[in-house]
There are 2 protein chains.
Amino acid sequence: MQANDIGWTKTEEQIAQQAFKQAYEREIKDLIQTVRESAGQIAKLDDLWRLNDFLSAKRHHIDGKYDYSDSTLLFVFAQLIQEGWLYLDDLEGLSKDKLTKISALTRM
Amino acid sequence: MQANDIGWTKTEEQIAQQAFKQAYEREIKDLIQTVRESAGQIAKLDDLWRLNDFLSAKRHHIDGKYDYSDSTLLFVFAQLIQEGWLYLDDLEGLSKDKLTKISALTRM
């Protein structure tokens, strides 16, 4: 699937950036909530190091994923939808072609 | 100061191990409390990554420090006393020579 050589109109860029921001905020909010809850359950050293490992993995994952770039945007949107941080509805206004591609990617 | 070529009686070994364990438990308990409290204050992503960095540093520090070895024990005890996880009283029963050395090391 060719996803990196398609043009984005100004409006589409704005929709994409807004969706990207929204997914990011949802994921961060959820992560903060998860860490707060799991920190409250910490009873021993292993729990601390497990939290440390969890945070390190999340950091790596989030830093990599939210690196806004037109060339990978359709893939990132598909991933965000699969992970539950974004909905196709958030992308309303993108061309039918892009939405179809994103939708197809989410089923891969 | 020669601290690594001194003998330990059976009783001293037991006192040392008990003191070591006690300091470890104090430090871990304090760390768990600190993490619980700071996790409750997390409001944004930077706070999460700061907690991650804090845990990584603590892990490195604790893993290194609590590596029980006769040859470095006097130094570790001095460090634990300086950090507030151990008191000279916890080491009561060690030879006067060892206690003097530990005490001197805490002032370095």
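This is a predicted model: local features need pLDDT of at least 70, side-chain atom pairs count only at pLDDT 80 or more; totals for chains, interfaces and linings use all residues.
Let me now step back to a whole chain, and take chain A. Chain A has four helices and zero strands, and when we read along the sequence the pattern is therefore written simply as α-α-α-α. The radius of gyration of chain A is 17 Å, whereas the globule rule gives 13 Å for 108 residues, and because the value is well over the rule, chain A is more spread out than a compact globule. The box that the C-alpha atoms of chain A fill, taken along the principal axes, is roughly 50 × 20 × 20 Å. Of the 108 residues in chain A, 41% are buried, and the chain exposes about 6,100 Å², with carbon and sulfur atoms supplying 50% of that area.

How are the two chains related? In general, two copies of a chain are related by a rotation about an axis and a shift along it. Here, a rotation of 180° with 0.0 Å of shift along its axis superposes chain A on chain B, with an RMSD of 0.0 Å. That is the relation of a two-fold axis. Moreover, 100% of the interface residues of chain A are also interface residues in chain B, so the copies meet through the same surface.

Now I turn to the aromatic rings, where a search of the whole structure finds eight aromatic pairs over all chains. One of them is formed by Phe20(A) and Tyr66(A), which are edge-to-face, at 5.5 Å centre to centre and with 70° between the planes. This pair links distant parts of the chain, since Phe20(A) sits in helix α1 of chain A and Tyr66(A) in the loop between α2 and α3, 46 residues apart. Phe20(A) and Tyr66(A) are both buried.

In chain B, Phe20(B) pairs with Tyr68(B), again edge-to-face, at 5.1 Å centre to centre and with 85° between the planes. Here too distant parts of the chain are linked, with Phe20(B) in helix α1 of chain B and Tyr68(B) in the loop between α2 and α3, 48 residues apart. Is Phe20(B) buried or exposed? Phe20(B) counts as buried because its relative accessibility is 8%, whereas Tyr68(B), at 28%, counts as partly exposed.

My last topic is a charge over a ring. Which ring does the charged end of Lys98(A) sit over? The charged end of Lys98(A) sits over the ring of Trp8(A), 4.8 Å from the centre of that ring, and in chain B, Lys98(B) lies over the face of Trp8(B), at 4.8 Å from the ring centre.

Definitions and conventions:
Residues are numbered from 1 along each chain as its sequence is written. Chains are lettered from A and ligands numbered from 1 in the order in which they are written. Side-chain values use heavy atoms; hydrogens and water are left out. Rings of Phe, Tyr and Trp (its six-membered ring) pair if their centres lie within 6.5 Å; planes under 30 degrees apart count as stacked, over 60 as edge-to-face and the rest as tilted. Helices (H or I, at least four residues) and strands (E, at least two) are DSSP runs, numbered from the N terminus. Buried means under 20% relative accessible area, exposed over 50%, partly exposed in between (1.4 Å probe, protein chains only). A charge sits over a ring if NZ of Lys or CZ of Arg is within 6 Å of the ring centre and within 35 degrees of the ring normal. The radius of gyration is taken over C-alpha atoms; the globule rule is 2.2 Å times the number of residues to the power 0.38. Accessible areas come from the Shrake-Rupley method with a 1.4 Å probe; for residues, only the protein chains shown count as cover. Copies are superposed by least squares on the C-alpha atoms of residues with pLDDT of at least 70 in both. Contact means heavy atoms within 4.5 Å.
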